[in-house]
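Welcome! Please take a moment to look over the sequence and the model, and then let us walk through them together.

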Amino acid sequence: MFKPKNDASASMFLNLGRDMIAENTLRRVPEGWAVTLRMPFYTSFTLASITGAALSVNGKEVAAEKLLLRLREQVFPLQYVSTIHEVYWHMGETAELVALEADLPVQDVNEVRVQLCVRPGFEGYLLANPDGIPYDETRQMEVQ
Amino acid sequence: MKLGISIYTYGTDIHAGRITVEDAIRHAASLGAQGVELIGEQHFMTYPDAHAEAARLRSLVESLGMEVACYSTYINGLIRQDRRATFEELVQKAESDILMAKTLGAKIWRPAFFAAPMQSLIDLVNAVLSMLEEHGIIWGAELHAPFPPMYYKEALDAVNSPYFRLIPDFSCWAKGGLDGKYIDAGLDTLEALAPYCVHCHGKSHGFDENGEDPNTDYKNILATLKKMGFEGYVVCEYEGWLLRAGKPSFEIAETHFNLLKRYGS
């Protein structure tokens with residue numbers, strides 16, 4: 001999904017992707033399926049900082065228009081978060097990435113990949129990460 | 001000088017949700033810190049207008065015999081995707097942060113601002129200077145590697161106010177440091193900043209088996225600050241958690257604060 005022009009792998013901020021997947025469970029929710037994420041950057045950021053997101057389960061990627069972010073009981077379509085510059089996702093805080101798709105190839109144990117690209121608001125960091133920081137984590141998850 | 005701990009030091013566990021900001025504040029007090037530094041965009045779950053939360057955290061800090069030594073924030077130009085922040089929006093953010101510093105009882109406020117060109121910083125400081133004076137809060141520009149120690153001289157001269165001063169970060173005097181990108185400046189360059197220093201960040205990315213920072217000469221940096229007659233805070237600011245998960249932050253904070261006490265008491 002992400003095609004950074006620079007070598008973003010050199011960014012020290014990428015190391016914090018280790019905390020991005022907060023729980024190793026893929027949960028059934030009324031809208032479809034959900035995973036719990038933790039804000040990956042080293043400071044809080046507004047949702048407008050999210051420049052890309054993707055979720056795949058056992059190799060099947062959920063269509064971008066079917067992804068939602070549920071934060072403090074508010075639901076934001078990922079396609080439109082680029083305009084949400086008033087809402088902060090705080091450090092240490094969890095949110096749900098929700099797939100509006102009932103028929104994912106879910107098994108007892110699943111390979112779940114989450115990608116989240118974050119463009120820092122501080123101009124200085126953008127010099128090293130012009131396309132944002134492409135967090136990309138894969139975990140084995142049981143169904144809950 | 002006074003010795004404290006930036007709650008930034010506990011980042012690895014706060015970021016992962018293993019401890020709370022309150023846990024970190026209590027731990028800093030247990031180590032004997034005189035003050036703590038709090039960061040708006042890290043330690044407040046209701047940021048940016050977090051006055052009730054700030055009042056509660058201030059109360060906790062003071063109940064433990066400490067004070068909020070410094071309040072740090074970021075004035076970001078790229079909050080929106082469709083355009084850069086306007087000058088008026090930057091001023092509005094600065095004013096909001098100053099009021100938060102006041103609620104916290106912090107006399108020093110560190111807004112990280114990308115000062116390119118330097119005139120943009122000068123204009124922003126001048127726009128809120130009367131507010132800083134009114135509330136008795138000093139804007140501390142953080143002097144951080146890879147920028148050289150005299151980086152803010154033009155702005156300091158242009159603003160020429162005791163309410164616009166410097167927060168030297170030890171990274172400016174680190175040897176090699178992160179990815180070898182840091183400038184190894186001589187400590188005479190720190191001494192030259194004596195009239196401007198109001199607060200210091202004791203930066204570290206790791207410690208050896210003796211609790212020393214192999215990249216940063218704490219002994220001589222702290223001796224230089226004493227020689228300068230520096231009376232503000234030096235706070236631990238451990239940043240190794242950005243590079244690796246590492247040891248639990250309580251252990252790191254204790255090692256780091258012991259290093260400060262060894263040479264700064």
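Let us begin with the aromatic rings. What you see is a predicted model, and over all its chains the count comes to 18 aromatic pairs. Take Phe13(A) and Tyr42(A) as an example: their ring centres are 5.0 Å apart and their planes meet at 25°, so this pair is stacked. Phe13(A) sits in the segment before strand E1 (25-29) of chain A, while Tyr42(A) belongs to the loop between strand E2 (32-38) and strand E3 (45-46) of that chain, so the pair ties together parts that are 29 residues apart in sequence. Are these two residues buried or exposed? Phe13(A) is buried, with a relative accessible area of 4%, and Tyr42(A) counts as buried too, at 3%. Both residues belong to one aromatic cluster, which also includes Phe41(A) and Phe122(A) from chain A and Tyr8(B), Tyr74(B), Phe114(B) and Trp241(B) from chain B.

Now for some open space. The second largest pocket has a volume of about 470 Å³. It is lined by 16 residues, and the closest to its centre are Tyr88(A), Ile79(B), Glu89(B), Gln92(B) and Lys93(B). Helix H5 (residues 87-104) of chain B gives the largest share of the lining, five residues. By class, the lining has seven nonpolar, four polar and five charged residues.

Finally, have a look at the backbone. Most residues other than glycine have a negative phi, and most peptide bonds are trans. Another joins Ala145(B) and Pro146(B), with omega about 10°; Pro146(B) lies in the loop between strand E5 (138-143) and helix H7 (153-159) of chain B. In chain A, the loop between strand E6 (67-71) and strand E7 (74-77) holds Arg72(A), whose phi is positive, near 50°. Glu73(A) lies in the loop between E6 and E7 as well, and its phi is near 70°. Arg72(A) is partly exposed at 37% relative accessibility, whereas Glu73(A) is exposed at 71%.

Key: Residues numbered from 1 in each chain as written. Chains lettered and ligands numbered in written order. Predicted model: local features only at pLDDT ≥ 70, side-chain atom pairs only at ≥ 80, totals over all residues. Heavy atoms only, no water. 1 Å grid on protein atoms, 1.4 Å probe; cavity = no way out; pocket = protein on both sides within 12 Å on 5 of 7 lines; lining within 4 Å. Points joined across faces, edges and corners; volume = space filled by probe spheres on them. Helix = DSSP H or I, 4+ residues; strand = E, 2+ residues; numbered from the N terminus. Nonpolar A, V, L, I, M, F, W, Y, C, P; charged D, E, K, R; others polar. Phe/Tyr/Trp six-rings, centres within 6.5 Å; stacked < 30°, edge-to-face > 60°. Buried < 20%, exposed > 50% of the residue type's maximum accessible area, 1.4 Å probe, protein only.
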